[in-house]
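Have a look at the structure and then read on.

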Amino acid sequence: MYDLLIKNARLVTADEVIAAAVAVKDGKVAAVLAGETPVPARQVLDLTGKYLLPGVIDCHVHFNEPGYTWREEFAQGSRAAAAGGVTTVIDMPMQNRPPVIDREVFARKAELLQGKSAIDYGFWGALIKTNLDKLSGLQEAGTLAFKCFMCNPGQDYTALDIAEIEQVLVTLREFDGLAGFHCEDYAMIERLQTASLATGKTGRRDYLAARPVEAELKAVNDIIALLDKTEGRAHICHVSHPAVAEAIRQAKVKGLDITAETCVHYLLFTGEDLVNEGPRFKCSPPLRTAADRKKLWDYVLDGTLDCICSDHSPCAPEEKAEASETGTFGAWGGISGVQTSLQAFWDLAITQKGADPSLVARVMSINPAAIFGLDGVKGTVMPGRDADFTVIDPQKNWEITADELLYKHKFSAFTGLSGTGAPVMTIVRGQVVMEDGRLRDGCTGQLVRRCREE
Ligand SMILES: [Zn+2]
């Protein structure tokens, strides 16, 4: 007797959609059955007309706990993620107090969050000037990747210089660790920003001008040169511009060990949204032009951009306001998107552009699982893997309103968007955590650790 039988599903795999039933036992996929096969199960879900995807993994979120819970608590962020069809998030190490700099901090964060998450979660570890000798310990503790800045993110998190990054790439290679980079060149941005503020240019267009694509491209090219030199491995976070994606494509052609992500907001919005609507649309790297946004899509389709994530980065309303002296520069640079990224991407990719649903499975589940070392347990619907599923109703019409956001602070660049096709059920290890927008009580999410099979 199975625990759960999901029947009449359009199962989305890496390269096709097949008619299938999926049987679940003890939180794991027990069998994938072609067509309709009557098997005994305690619970049966009929998904006629709906797509069954491997559970969506959002590989880049900021859930702010411990330390910055006035922005959002882990419980709130994870419930919003569950409502948006996400079954696993990978949480960033900054906007944590302290940042996740060593195995002891990792263990404390893991203990603190026990029983607080609606869905499964993994941790990024810190990669800053003061923890370079702690990385292997963090990896052993279960860190999925290490986040490195090439421009100063502020707070108590430091950027590395090129010499340090070279050393780190060599060190990480020894234990197959993965570094993820926020690519914006620190010197260039610092110079532009200082000059802009010194001359009283603090507006929205001034902010965009002070974070040009040249800064992002220089940083990415620096990483690519180091990969060539060290034979190391790197993941490029939140690629915002097609010129950056093209550099990554060429590095892949050359055989370098590089992967990349973009965020749904770079595919949906432009710098003009920041100019017209204000800091709700402020992020870094910043939103680019309409032509850039259009061209970035090519690199989603050709596989250069392996993952699509939200870079969910909430803040309090007062932090998001333009500051009296520094204007747009002083407003928080982050967009809350973990709840709405999947539906917005589905509408854009599948409903509007007619892409195959397998694209969503690849960039939002299969590839993140593989890159972040979870492919032994998640990312694919096959016997033995966790029974994590995202169910999509391709006919469901939606409009995003502030009311329905489960965030602590109910504002987002995504409010006002409408579209067709949305998650209607989220299943984590066989447990339904969201159905038709309603969340089930209970926080059954578990910490996932790196489990790459050698
Ligand atoms: Zn981020």
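**Notes on the rings and a histidine**

1. Y51 and W346 are both buried. Keep in mind that this is a predicted model. The two rings pair up with their centres 5.4 Å apart and their planes at 50 degrees, so the pair counts as tilted. Y51 belongs to strand β5 (residues 51-54) and W346 to helix α13 (residues 341-352), so the pair ties together parts that sit 295 residues apart in sequence.

2. Elsewhere, K282 lies over the face of Y207, at 4.5 Å from the ring centre.

3. Another tilted pair is Y68 with W70, at 5.2 Å centre to centre and 55 degrees between the planes. Y68 counts as buried because its relative accessibility is 5%, under the 20% cut-off. W70, with a relative accessible area of 39%, is partly exposed.

4. How many aromatic pairs are there by this rule? The count comes to 12. Ring pairs also link F63, F74, F106, Y121 and F123 into a cluster.

5. Now the histidine. H235 is in strand β11 (residues 233-236), and at 0% relative accessibility it counts as buried. Its side chain makes a polar contact of 2.8 Å with the side chain of T259. Leaving aside residues up to four places away in sequence, H235 touches a set of residues including W124, F181, T259, E261, C307 and F372.

Technical notes. Residues are numbered from 1 along each chain as its sequence is written. This is a predicted model: local features need pLDDT of at least 70, side-chain atom pairs count only at pLDDT 80 or more; totals for chains, interfaces and linings use all residues. Side-chain values use heavy atoms; hydrogens and water are left out. Helices (H or I, at least four residues) and strands (E, at least two) are DSSP runs, numbered from the N terminus. Buried means under 20% relative accessible area, exposed over 50%, partly exposed in between (1.4 Å probe, protein chains only). A polar contact is a pair of N or O atoms within 3.5 Å; within protein, one must be able to donate a hydrogen and the other to accept it, and residues adjacent in sequence count only if both atoms are side-chain atoms. Contact means heavy atoms within 4.5 Å. Rings of Phe, Tyr and Trp (its six-membered ring) pair if their centres lie within 6.5 Å; planes under 30 degrees apart count as stacked, over 60 as edge-to-face and the rest as tilted. A charge sits over a ring if NZ of Lys or CZ of Arg is within 6 Å of the ring centre and within 35 degrees of the ring normal.
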